[in-house]
Amino acid sequence: MASNAEGNGALVPFSGDSSAVYPLHHGLAPPISRLSISWSHGNTLRLSLFAGAAAKVVEVKVNGEDSEIPDAQWRRIAYGSVAPFALLQSQRSSISSLLKTPSPYHSDWWEHVLQYSKEIGSLLAGSKMHSSPIIEDPKVLVKTDEKPTCLQAAWELIEIFYVDKQSQTWLPERLVDWLADYDSLFTSTHETIHGKLVDFQKELGNIQVIEDDPRYWDLLSSALSVGWLDVVVRMLRLHGSYQQDQLSTRELENGLVEAVAVLISKMPRFCPGSAGKLGDCYKSKPEFIKAWEKWRSQITKLDRSPFWIQCDNQHTREGLRNLLQITLGNTESLCMATCYWIELYISHFLYIRPFTMGIESMYNLAEKCIQLKPRSSTHRLTGLMIGILEENTEVVLAECSREFGPWLVAHAVELLTAGSEQSEIILHEERYNLGGISIVELHRLAYAQILSSHALTWQIAPIYLTSCMKQGMGLLENLLYRQSVQHNDGLLKNIEICRLYELDHISSNIMKIAGVYHWKHGHKGTGVFWLQQAQDTICLDRIAQQLFDSVGKSISDESFKQWEGMIELLGSESNPAGGLEFLHKYRDFKKSLKKVSGGKSTDAARQAVGSLILLMKNPSTPQRFWLPLLHDSLKLLNWQDCPLLSVSETNLLLNKLQELSLAKLCPHYIEPSLPPNALSSIRLALATNLGRAILDE
């Protein structure tokens, strides 16, 4: 739906140059007469459009999570991060109880957080296994099948600076590896070394003399500036002087290329070791400094060698010497070789400040690199990196929230507080302007709210709500009460969550709600079952009373058959109007009547008469049931073979009829649903039976 300056055709006219307009495909013929907007599940709006007699409902996602991560992948991340998060909270509680302090901050806590971070990082990386070919193609400079995400890059960046204490010594090398993995992400906003390599790789097969192509030497300088030694050596080996038919005529040129390649492959690196990467690794700083000075002297010696004058190929001579200038830390060469400030920043640690340890003065260097490489456009990761280098935890948290959403904030808080007691205090401090909760609890509640709004993720929201000490349990109760009780699977899941968190009173109330819901919607047995599970005696007594009244209005065989299962389910524990004891005895009476078939089963008939007399004598049998019971027993009263009732039993039944005659005068008397001649038939049968009984006695 678009709008113009006059507002013609617009449902809601607006003004302003910065407003974004998105088309809405609804399929209705204009004009749209009415629009209704309401929230749907998650972060989507439900738009109801009306055009005359036609109408259409469209759901619009207001602010998608991350366009590079599909919804299914987000749900996998959400579920996969629950177990590491819950384990870390359990470890936090255990350590806090042992130390008897509110904060788990101590010397070993970062190891638990690092393990947590590694598990989350593995989850973000996915389960893709990239198998390396047995024989590598020399013309493959960079891999294009691996597609990392900004979320993965942000998580690893936070881990490098805040959690992994062991990597603080060789922090610059960790940044080199980080850029090698995620430089491709910055291609979306500006030119990168990775993007230039990918473009060059596509055209590599069409280039005849590679060393005469200016891009070849530019890319060699760029790759070397950020420490991608394997790419540099692989590209140098593509030089034309390595071809068999040219080795004899270009021996000197090839020797210079090989000398530079060997020196680059032997570049000292201050790191614990990197499998599959070029360079000589050193773990101790003295050894590294000694190796670095020796390597630099070899570079300087080669740079001053007289062999350069004898090299006839100008492109090769200038290109190789430019590579040497980069290794010698020439600022101008580094600035020319890199594309944006982060690449220049990394190159400074490699060649200008190779002995840097820790994070001190890193922000000042970043400002200098930004001045040398001004930002034409801002990438979502750059703000996060600047906040980290500033050592401003709140800025980092704000960048995570703004650029990556509630999931990262809720889980990265543990990383931000792992290495700093001050950050722990800032983020866990209760704040008046937040309603007495901390920043940590605020972001966890926000993330839990998002989980709660989706039918596929609400089950994991309690994990995060229970970690919020102030408002978490109250919101958890609201969440559990909001769940539908319509489907049995969801109801059982809801009750299981209550059991896990020892919320017995909520579980009982949910079962009561389920019982009432199913009873009102005609699922009588299911309703009674859940009310029994909730031990709701009040509702059960009301249902029993309703059942009692329903059977009393029509005590026919069909009526009783309809309620027989319910009577069995309710049992004899409910106690309305004398209890359901009568209905259970009546059920036994009906069963004995069924055994009487064809008027020939005298023993079964006597058993049925015995049940009838017990019912009529029992004070729990309501008066309104007397006449229906006698009407059901007409076959017994008119038994052909012999009178089944004695004189005293017959007189008992006649007295009951007399009491009924007097009861009819009462205003609250309930007339049973029987045929018009039912009373006269009963009187005649009783009189006949009395006469036969007197004669027999």
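This is a predicted model: local features need pLDDT of at least 70, side-chain atom pairs count only at pLDDT 80 or more; totals for chains, interfaces and linings use all residues.

Q: How many residues does α23 have, and how far does it reach?
A: Helix α23 covers residues 488-500, that is 13 residues. From its first C-alpha to its last it reaches 18 Å, close to the 18 Å expected at 1.5 Å a residue.

Q: Which residues of α23 are buried?
A: They are L491, N494, I495, I497 and C498. These residues lie on the same side of α23, because they cover an arc of only 155° around the axis.

Q: And which are exposed on the other side of α23?
A: On that other side, D489, R499 and L500 are exposed.

Q: What covers the buried residues of α23?
A: The cover includes α21 (461-465), α22 (472-482), α24 (504-520) and α25 (524-533).

Q: Which residue just after α23 takes a positive phi?
A: That is E502, with a phi of about 55°.

Q: Changing topic: which residues touch the most other members of the largest nonpolar core?
A: F161, W178, L236, Y345 and W407 do, out of the 144 residues in that core. Helix α4 (residues 150-162) gives the most to this core, with ten residues.

Q: What is W178 in contact with, leaving aside its neighbours within four places in sequence?
A: W178 is in contact with A153, E156, L157, I160, F186, L381 and M385.

Q: What other core lies apart from the largest one?
A: Another core, of 29 residues, lies apart from it; Y586, L593, I613 and L629 are among its members.

Notes
Residues are numbered from 1 along each chain as its sequence is written. Side-chain values use heavy atoms; hydrogens and water are left out. Helices (H or I, at least four residues) and strands (E, at least two) are DSSP runs, numbered from the N terminus. The expected span of a helix is 1.5 Å times one less than its number of residues. Buried means under 20% relative accessible area, exposed over 50%, partly exposed in between (1.4 Å probe, protein chains only). The arc is that of the directions from the helix axis to the C-beta atoms. Contact means heavy atoms within 4.5 Å. A nonpolar core is a set of buried Ala, Val, Leu, Ile, Met, Phe, Trp, Tyr and Cys residues joined through side-chain atoms within 4.5 Å.
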